[in-house]
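Thanks for coming. I would like to take you through one structure this morning, starting from the sequence and the model on the screen.

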Amino acid sequence: MKIENLNLTNMIIEVKEAIKISDKLKKQGKSIVLAGGCFDILHVGHVRFLQSAREEGNILFVLLESDENVKKLKGEDRPINSQKDRAEVLLSLKPVDYVVLLTHMKSNRDYDKLITCLKPNILATTENDPGGIHKLRQAAIIGANVKEVIKRFEDKSTTILRKTILKNK
């Protein structure tokens, strides 16, 4: 399918398609914001982060970690929801224009390559993001900005929700 024929809003897409769409949108003068994460069980911290991220530009791309990476990052009992299910939930949120399904990303170099191809204007992050140093480095590579769009909620996380659910079982 040619890129000109695509509906350019509210889509779950693969990386190759995201690169084509990003290119087209940039040529149209659109400002692209990139946010990423696991988004396993959606909570208010996620929603506020995505709302704030979207306010930084015209289009919000959400990079969604693979099930394999979530397991590696969060533990053997995660993800609770599959990448496909997480993508559908994210796409139902008003601020989200595109959900980009990531395959297993093995190193920072894989993320660097992806960011270089997508060329977003803004890399959205939370205050004290553990990956903030990588985002700053990636932004420098492509001439983008890193924006801390929200404070990290220490009491709002999928890990806390999971523990609460298991405790009350």
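First, the ground rules. This is a predicted model, where local features need pLDDT of at least 70 and side-chain atom pairs count only at pLDDT 80 or more, while totals for chains, interfaces and linings use all residues. Residues are numbered from 1 along each chain as its sequence is written, and side-chain values use heavy atoms, with hydrogens and water left out.

Let me begin with the helices. Helices (H or I, at least four residues) and strands (E, at least two) are DSSP runs, numbered from the N terminus. Two packed helices are described by the angle between their axes and the distance between the axes. Here, helix α1, residues 15–27, and helix α5, residues 108–118, have axes that come within 8 Å and cross at roughly 35°. The axes are lines fitted to C-alpha atoms, for helices over the stretch in contact, and the angles run from 0 to 180 degrees between N-to-C directions.

Which residues of α1 and α5 meet? On the α1 side they are V15, A18, I19 and S22, and on the α5 side L114, C117 and L118. By class, this contact of α1 with α5 has six nonpolar residues, one polar and no charged ones. For the classes, Ala, Val, Leu, Ile, Met, Phe, Trp, Tyr, Cys and Pro count as nonpolar, Asp, Glu, Lys and Arg as charged, and the others, Gly among them, as polar. Contact means heavy atoms within 4.5 Å.

Two of these residues deserve a further word. S22, in helix α1, has a relative accessibility of 2% and so counts as buried. The cut-offs are under 20% relative accessible area for buried, over 50% for exposed, and partly exposed in between, with a 1.4 Å probe and protein chains only. Leaving aside neighbours within four places in sequence, S22 is in contact with I32, F61 and L118. C117, in helix α5, counts as partly exposed because its relative accessibility is 30%. The C-alpha atoms of C117 and K16 are separated by 9.3 Å, although these residues are 101 residues apart along the chain.

F61 brings me to the aromatic rings. How many aromatic pairs does the structure hold? The structure holds one. The rings of F61 and Y98 have their centres 4.7 Å apart and their planes at 25°, so the pair is stacked. Rings of Phe, Tyr and Trp (its six-membered ring) pair if their centres lie within 6.5 Å; planes under 30 degrees apart count as stacked, over 60 as edge-to-face and the rest as tilted.

Now the largest pocket, with a volume of about 1300 Å³. Of the 44 residues lining this pocket, the closest to its centre are G36, G37, D129, K135 and R152. Elements that give two or more residues to the lining include β2 (32–37), α2 (44–54), α6 (132–142) and α7 (158–167). By class, the lining has 16 nonpolar, 16 polar and twelve charged residues. On a 1 Å grid over the protein atoms alone, a pocket is an open set of points where a 1.4 Å probe fits, with protein on both sides within 12 Å along at least five of seven lines, and lining residues have an atom within 4 Å of a point. Grid points are joined across faces, edges and corners, and a volume is the space filled by probe spheres set on the points.

Finally, some single residues. N69 lies in helix α3 and is buried, with a relative accessible area of 3%. Beyond its neighbours within four places in sequence, N69 is in contact with H104, M105 and Y111.

Where is the cis peptide bond? It joins R78 and P79, with omega about 0°, and P79 lies in the loop between α3 and α4 (83–91).

K119 is not a glycine but has a positive phi of about 50°; K119 sits in the loop between α5 and β5. N128, also not a glycine, has a positive phi of about 60°, and at 62% relative accessibility N128 counts as exposed.

That is the tour.
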